[in-house]
Amino acid sequence: MTGMLASVSKLDEALKILNFEVDIIDLKQPSQGALGALDTMTVARIVKAINGQCPISATVGDLPMIPEVIVSAVTDMAATGVDYIKIGFFPGGDWQGTLDALTPLTQAGLALIGVMFADSEPELHSVAAFKQAGFKGVMLDTMDKSSGSLPHVLPDDAIAGFVAKCNELKLICGLAGSLRVEDVPGLLRHKPDYLGFRGALCRRHDRTSHLDDDAILAVKKAFLQG
């Protein structure tokens, strides 16, 4: 069954979304980019407050694909005690060198999630490289949140192919990217492990605004009806 990932940016949002029984609480700072990071002190406070009641993921920020930069950010975030660490693989830079540098961290037990961006013409065959580096999963997201939701950016057959490849490699599969309530039924048909939301959970569907109870319930209802 596909789970619901909800992105929050502060402690009170994390405690609020916990009451809605989401499947993963994701920590990031929407005002700082596609995968803007919260500071590690805030993340650690949220991890302590949630106290194991829900799995928690956290992003390391919109960082360049420079191995030492990524490894440092991941190591710092790991110290907070989050369950999963999300790393955006942005266009350009040293993807393979970054994966090679992260492999000792996955071998040491860190659960890393690679994030690929549908609006940057990702090479979906590279999903296998994440598996080889010991990642737990891969997500499809979008960089430009004004370009429309994931189904508008990437053809349905490409999304299906991504999910199938993740399943083949036994990787956790997530789909995100300005997802709306109306996107849920179509994406559920592909049976990803998670669908990720931020803007759809907020007032006026503004990802930098506050969480809205009615909006959260609408997304939850879409899962039940899907």
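## A briefing on the fold and its core

Ala58 sits in strand β3, which spans residues 56–59. Welcome to a predicted model, where local features need pLDDT of at least 70, side-chain atom pairs count only at pLDDT 80 or more, and totals for chains, interfaces and linings use all residues. Residues are numbered from 1 along each chain as its sequence is written, and side-chain values use heavy atoms, with hydrogens and water left out.

**Around Ala58**

- With a relative accessible area of 0%, Ala58 is buried (buried is under 20% relative accessible area, exposed over 50%, partly exposed in between, using a 1.4 Å probe and protein chains only).
- Leaving aside residues up to four places away in sequence, Ala58 touches Asp26, Leu27, Val43, Met77, Val82, Tyr84, Ile85 and Lys86 (contact means heavy atoms within 4.5 Å).
- Thr40 is 18 residues from Ala58 in sequence, and their C-alpha atoms are 9.5 Å apart.

**The whole chain**

- The protein chain has nine helices and eight strands (DSSP runs numbered from the N terminus: helices are H or I with at least four residues, strands E with at least two).
- Its radius of gyration is 16 Å, close to the 17 Å from the globule rule for 226 residues, so the chain is as compact as a globular protein of that length (the radius is taken over C-alpha atoms, and the rule is 2.2 Å times the number of residues to the power 0.38).
- Of the 226 residues, 51% count as buried.
- Among contacts with a separation of 6 or more, 66% join residues 24 or more positions apart.

**Nonpolar cores**

- The largest nonpolar core has 66 residues, of which Ile25, Ile87, Phe162 and Phe197 touch the most other members (a core is a set of buried Ala, Val, Leu, Ile, Met, Phe, Trp, Tyr and Cys residues joined through side-chain atoms within 4.5 Å).
- Helix α7, residues 156–169, gives the most to this core, with six residues.
- Another core lies apart from it and has eight residues, among them Ala34, Leu35, Val115 and Met139.
- Beyond residues up to four places away in sequence, the contacts of Phe162 include Met116, Leu124, Val138 and Met139.

**Two loop residues with positive phi**

- Most residues other than glycine have a negative phi.
- Lys191 has a positive phi, near 60°, and is found in the loop between α8 (184–188) and β8 (194–197).
- Lys191 counts as exposed, at 64% relative accessibility.
- Arg204 has a positive phi near 55° and lies in the loop between β8 and α9 (213–225).
- At 69% relative accessibility, Arg204 is exposed.
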